[in-house]
Amino acid sequence: MMKLGAEMGADGFIPERVMLKLLAAGPRDLYIVDDVIKARELGIELTGVPKATWTTAALCNACVVRNERRARTDACEQPFASAMVAKDVVQTTFFGFAGEGSYYCSVRLSKKTGKASIAATIIEDEISRKDLEFTPLDDEDALPVGLND
């Protein structure tokens, strides 16, 4: 299937990265794409995702998703900090992500537009930097995802 896909083009065939995940499962095991992180990792587009409601829990969940589950299991239960960074923009920062759970994740939410953006893995000194780069979040980033497979 991989050879056929390479010869004919990727359209309509299982991408190589998906085949590798499927082949890594044992002969009696299934590899189930059952969360947002796995779908994103495999380049699978989700359809029918409801419009995100950016609650604090959803913002922290986006940090888990964008850090590809590299987070302390209690990261979203820890205290967080919120501050107004513009007239209608609130920045919320969570701790417990990436390398050994020692990094921060900041999310900005525009109260005017309802749009959210993220700086996924940052150190404490970067939290208040004016030039920190934020990337827009998608509605699927708010979908619940567990920290364990």
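What is the handedness of the disulfide of C63 and C105? The torsion about the S-S bond of this pair is about -85°, so the disulfide is left-handed. C63 belongs to helix 4 and C105 to strand 3, so the bond ties together parts that are 42 residues apart in sequence. The two sulfur atoms of C63 and C105 are 2.0 Å apart, where a disulfide is taken as a pair of cysteine sulfur atoms within 2.5 Å. Helices (H or I, at least four residues) and strands (E, at least two) are DSSP runs, numbered from the N terminus.

The model is predicted, so local features need pLDDT of at least 70 and side-chain atom pairs count only at pLDDT 80 or more, while totals for chains, interfaces and linings use all residues. Residues are numbered from 1 along each chain as its sequence is written, and side-chain values use heavy atoms, with hydrogens and water left out.

A search of the whole structure finds 2 disulfides. Besides the bond of C63 and C105, there is a disulfide between C60 and C76, with an S to S distance of 2.1 Å. Its torsion about the S-S bond is about -95°, so the disulfide of C60 and C76 is left-handed. This pair links distant parts of the chain, with C60 in helix 4 and C76 in the loop between helix 4 and strand 1 (81–86), 16 residues apart. With bonded cysteines counted along the chain, the disulfides follow the pattern 1-3, 2-4.

C60 counts as buried because its relative accessibility is 1%, whereas C76, at 41%, counts as partly exposed.

Helix 4 spans residues 56–66 and is mostly covered, with 8 of its 11 residues buried. The buried residues include the cysteines C60 and C63, along with A58, L59, N61, A62, V64 and V65. What covers them? Among the elements that cover the buried residues of helix 4 are helix 3 (36–41), strand 2 (89–97), strand 3 (103–110) and strand 4 (116–122); contact here means heavy atoms within 4.5 Å. After helix 4 comes E68, whose phi is positive, near 50°.

E68 also takes part in a charged pair: its salt bridge with R70 has the closest N and O atoms 3.2 Å apart. A salt bridge is a side-chain nitrogen of Lys or Arg within 4 Å of a carboxyl oxygen of Asp or Glu. R70 counts as partly exposed at 43% relative accessibility. The whole structure holds 8 salt bridges by this search.

Another of them joins K38 to D34, with 3.0 Å between the closest N and O atoms. Here K38 is buried, because its relative accessible area is 10%, while D34 counts as exposed at 51%.

The side chains of D131 and R129 also meet in a salt bridge, at 2.8 Å from N to O. D131 is exposed, with a relative accessible area of 55%, and R129 counts as partly exposed at 34%. Elsewhere, salt bridges that share partners join R66, D138 and D141 into one network.

Conventions:
Buried means under 20% relative accessible area, exposed over 50%, partly exposed in between (1.4 Å probe, protein chains only).
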